[in-house]
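Subject: Model handover and notes

Hello,

Here is the model for your files, with my notes below it. Please read the notes with the coordinates open.

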Amino acid sequence: MSRARGFALALGSVGLVSVAQLGMRWSMTRLPLPHEWLNAQIDLAALGVVFLAICAYALSMLCWLVALKHLPLGRAYSLLSISYALVYLLAAGLPVFNEHFSLSKTLGVAFVILGVLVINSRRTCSTSPRNAP
């Protein structure tokens, strides 16, 4: 059960960091550059999304720290790569981000996912001295 909990927490971290990245991207397209803040009107909704994205980053880090208690670092770290694929697919798939699919990016994402699957497909020995408390 501990391994399943570790995977769930790691994937929760991936989901939260992906949402945070997309929120930051959305917000930054609606906010002025920092040197223009004194003279420009600030979109409060975009500023709110920045705050929520920072909170999502913090919660993602908390999930990640607890996941590391239940998973070997090599496996857990590979799961973080899923966020690259998730952000790319959502950014290109949702019209609000005005991103486009490309063959090379899609192939790269497919290789990342394949790598994560290969790394996490083999079983780990739970009695290994490295995994002992």
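Contact, as used here, means heavy atoms within 4.5 Å. Helices are DSSP runs of H or I with at least four residues, and strands are runs of E with at least two, numbered from the N terminus. Buried stands for under 20% relative accessible area, exposed for over 50%, and partly exposed for anything in between (1.4 Å probe, protein chains only).

The model is predicted, so local features need pLDDT of at least 70 and side-chain atom pairs count only at pLDDT 80 or more, while totals for chains, interfaces and linings use all residues. Residues are numbered from 1 along each chain as its sequence is written, and side-chain values use heavy atoms, with hydrogens and water left out.

Helix α2

On α2, the buried residues are A46, V50, A53, A56, S60, C63, W64, A67 and H70. These buried residues pack against α1 and α3. The expected span of a helix is 1.5 Å times one less than its number of residues.

Nonpolar patch

M61, L65, L68, L73 and Y77 form a nonpolar surface patch of about 520 Å². A patch is made of residues with over 30% relative accessible area and no salt bridge; like charges are joined within 9 Å, and nonpolar side chains (Val, Leu, Ile, Met, Phe, Trp, Tyr) within 5 Å. The areas come from the Shrake-Rupley method with a 1.4 Å probe, and for residues only the protein chains shown count as cover. Both α2 (44–70) and α3 (73–79) supply at least two residues of the patch, and α2 gives the most, with 3 residues. M61 sits in helix α2 and is partly exposed, at a relative accessible area of 45%.

Helix α5

Which residues of α5 are buried? They are V109, V116 and N120. These residues cover an arc of only 20° around the axis, which puts them on the same side of α5. The arc is that of the directions from the helix axis to the C-beta atoms. The cover over the buried residues of α5 includes α1 (2–28), α3 and α4 (82–93). On the face turned away from the buried side are the exposed residues L103, S104, F111, V118 and S121. L103, in helix α5, has a relative accessible area of 64%. As for length, the 19 residues of α5 (residues 103–121) should span 27 Å at 1.5 Å a residue, and the end C-alpha atoms are 26 Å apart, which agrees.

Salt bridge

A salt bridge here is a side-chain nitrogen of Lys or Arg within 4 Å of a carboxyl oxygen of Asp or Glu. By this rule the count is 1. The pair is E99 and R25, whose side chains meet at 3.2 Å, N to O. E99 lies in the loop between α4 and α5 and R25 in helix α1, so the pair ties together parts that are 74 residues apart in sequence. E99 is partly exposed at 31% relative accessibility, and R25 is partly exposed at 36%.

The loop between α4 and α5 also holds N98. N98 is not a glycine, yet has a positive phi of about 55°. At 58% relative accessibility, N98 is exposed.

S83, in helix α4, is buried, with a relative accessible area of 11%. Leaving aside neighbours within four places in sequence, S83 is in contact with V14, V17 and S18. G12 is in helix α1 and is partly exposed, at 27% relative accessible area. Between G12 and I42 there are 30 residues in sequence and 31 Å in space, C-alpha to C-alpha.

Loop between α1 and α2

N39 is in the loop between α1 and α2 and is exposed, with a relative accessible area of 75%. From L103, N39 is 64 residues away in sequence and 42 Å away in space, C-alpha to C-alpha. The C-alpha atoms of N39 and F111 are 46 Å apart, with the two residues 72 apart along the chain.

Regards
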